[in-house]
Amino acid sequence: MPRLHLHFQEGFRGDDVVIRVDGEECLRLAGLQSKPAHGYADLKNSVEVAEGAHAVEISIPSRQIEKRIDVDAKGDLYIGIGLGPDEARVRIRHDAPGYG
C-alpha cells in the first residue's frame with residue numbers, strides 16, 4: 001500500500017498539528033518546532049493509505065490554519081508542509097527529497 005510521507009518543514013513554533021485523511025484523524029503531533037540549523041521540524045511521520053484518491057486535511061488549531069489537498073496515491077508521496085504567517089504551504093513530490 002502507498003504511504004504518505006509527511007515532512008514538517010519551516011515555520012513551526014511549538015505548534016500542535018492534526019492530519020486527517022478522508023475525514024479520519026490519522027496523526028496528531030504536539031509542540032512541533034522547526035530547528036534553526038536546518039529548518040525542519042519533523043521528517044519521520046508517514047501514513048499508509050489505499051491506492052487512489054484521498055483528501056488530506058492539515059490543521060494547526062492554535063493558529064486557526066486549515067488546509068485541504070487532494071492527492072492521488074498510486075505510489076508513495078512525499079508531502080512537505082511549511083507554515084507562513086497565516087497559511088500552510090504544501091509541496092507534493094513523487095520521489096524522496098534530497099534532505100533528511
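Seven salt bridges are found in a search of the whole structure, a salt bridge being a side-chain nitrogen of Lys or Arg within 4 Å of a carboxyl oxygen of Asp or Glu. The model is predicted: local features need pLDDT of at least 70, side-chain atom pairs count only at pLDDT 80 or more, and totals for chains, interfaces and linings use all residues. Residues are numbered from 1 along each chain as its sequence is written, and side-chain values use heavy atoms, with hydrogens and water left out.

Select Arg 3 and Glu 48, whose closest N and O atoms are 3.6 Å apart in a salt bridge. Arg 3 belongs to strand β1 (residues 3–8) and Glu 48 to strand β4 (residues 42–48), so this pair ties together parts 45 residues apart in sequence. Strands (E, at least two residues) are DSSP runs, numbered from the N terminus. Arg 3 is partly exposed at 28% relative accessibility, as is Glu 48 at 46%; buried means under 20% relative accessible area, exposed over 50%, and partly exposed in between (1.4 Å probe, protein chains only).

Next, select Arg 89 and Glu 10, a salt bridge with closest N and O atoms 3.0 Å apart. Arg 89 is in strand β8 (residues 88–93) and Glu 10 in the loop between β1 and β2 (13–21), 79 residues apart. Arg 89 is partly exposed at 36%, and Glu 10 is partly exposed at 34%.

Finally, select Arg 63 and Asp 15, where the closest N and O atoms of the salt bridge are 2.8 Å apart. Arg 63 sits in the loop between β5 (52–60) and β6 (65–73) and Asp 15 in strand β2, so the pair ties together parts 48 residues apart in sequence. Arg 63 counts as buried at 18% relative accessibility, and Asp 15 counts as buried at 4%.

Methods
Helix = DSSP H or I, 4+ residues; strand = E, 2+ residues; numbered from the N terminus.
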